[in-house]
Amino acid sequence: MPFYEVSMITRSLSKADLVKALTRAGNTLLDHGAVIEKVESLGHRDLPYKRLAKQTNEPVYASNFFLFKAHMSREARQKTKSILTHDLDTVQVDLIQVDTLPALKVECNLEEILKAPAERQAVSDLRENQKMGHFTRQMIYKRTEKEWKSIPKSYPIAPPRP
Amino acid sequence: MLKSASSLAKRLLLNSQSFRLCSSTSSSPVPAVVHSEDEPVVLESNPYTKEPRKCLLCSTGVELDYKNSRLLQVYLKRFCQSSIKSFQQFVSTFSGRVYDRHITGLCDEQQKKLIEAIAKSRRAGFMPIFVKDPKYARDPKLFDPLKPIRPHSFA
């Protein structure tokens with residue numbers, strides 16, 4: 001089962017209502033077969049922009065941020081997302097998949113980027129598989145043909161017969 | 001034809017033992033290799049080569065996380081005590097768009113991660129979408145968008 005981080009932003013609620021909303025969210029996750037690893041509070045923070053609470057249309061400027069870390073199936077993710085987003089106490093809900101595999105170590109290629117374009121490998125690769133127009137192709141053909149023809153194939157003066 | 005001639009000349013110059021240029025010179029015996037302490041030391045690599053430059057995130061080892069619109073403050077306290085760098089430094093104050101790699105000076109991998117992290121952060125409602133949060137507008141500058149390292153990202 002993939003690992004998801006469920007970030008939930010509630011509307012401004014009293015403590016009792018907040019507990020209710022959280023338990024409701026947790027229960028919906030568990031009902032759909034999720035395995036909750038951890039529940040975190042990210043604190044009471046300012047929202048990046050003004051949001052409106054559902055139904056009441058009250059403006060929300062600051063509210064509580066929560067994070068559930070849970071394993072669940074993809075179908076469960078879809079269903080729980082629609083349920084949690086339509087919950088009247090939430091302002092924003094998102095389920096983001098997190099890679100549990102250790103990340104591959106990738107070398108920093110800033111040195112390569114800082115090189116001049118002519119010395120860069122990426123540019124030379126581009127130039128090798130470059131698309132060529134018909135006219136350019138003709139010109140190159142003619143030039144090589146001319147070079148080939150300029151090579152003498154026979155002696156200008158015939159060598160003396162033995 | 002010219003290429004073959006040049007390669008032949010090169011081969012002749014490099015290992016003259018294989019060809020006898022003149023019939024009068026007899027093939028001389030190969031001198032035995034003598035190792036002594038007085039011989040010059042041949043180094044395998046140049047000891048004065050500079051270390052390859054690394055981008056800001058690779059050199060500091062900072063990992064991008066979508067949850068912090070201000071990026072990992074605990075980490076950053078180690079690097080600069082007085083200031084807290086933010087995620088939103090990679091975003092234009094005027095348009096809220098992510099700066100390209102010729103401005104941020106990040107490597108390909110980190111720039112890709114940055115764009116993904118910002119997209120996730122916006123989707124989860126941690127970061128404003130059209131503007132940069134005015135709270136973070138006065139954060140210390142990591143780079144100058146008016147002085148990019150290259151004229152544009154494809155140059």
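**The sheet in chain A**

Analyst: Let's start with β2(A) and β3(A): they run antiparallel and are joined by twelve bridges. Keep in mind that this is a predicted model.

User: Which residue is the bridge partner of A:K38 in β3(A)?
Analyst: That's A:K69.

User: And what order do the strands of the open sheet in chain A come in?
Analyst: The order is β2-β3-β1-β4, four strands with antiparallel pairing. β2 and β4 (90-98) of chain A are the edge strands, each pairing on one side only. On average, neighbouring strands are turned by 20° against each other, ignoring direction.

User: Which helix packs on the sheet?
Analyst: Helix α2 of chain A, residues 74-85, does, and it touches β1 (3-10) and β4 of that chain. The direction of α2 makes about 160° with that of β4(A).

User: Switching topic: where is A:Q55?
Analyst: A:Q55 is in the loop between β2 (35-52) and β3 (59-71) of chain A. A:Q55 isn't a glycine, yet has a positive phi of about 70°. Most residues other than glycine have a negative phi. A:N57 lies in that loop between β2 and β3 too, with a positive phi of about 55° although it is not a glycine either.

User: How many residues does the contact take from each chain?
Analyst: 19 residues from chain B and 16 residues from chain A. On the chain B side, helix α5 (residues 108-123) gives the largest share, four residues. By class, that side has eleven nonpolar, one polar and seven charged residues.

Technical notes: Residues are numbered from 1 along each chain as its sequence is written. Chains are lettered from A and ligands numbered from 1 in the order in which they are written. This is a predicted model: local features need pLDDT of at least 70, side-chain atom pairs count only at pLDDT 80 or more; totals for chains, interfaces and linings use all residues. Two residues are in contact if their C-beta atoms, placed from the backbone, lie within 7 Å. Helices (H or I, at least four residues) and strands (E, at least two) are DSSP runs, numbered from the N terminus. Ala, Val, Leu, Ile, Met, Phe, Trp, Tyr, Cys and Pro count as nonpolar, Asp, Glu, Lys and Arg as charged, and the others, Gly among them, as polar. Two strands pair if DSSP finds at least two bridges between them. Axes are lines fitted to C-alpha atoms, for helices over the stretch in contact, and angles run from 0 to 180 degrees between N-to-C directions.
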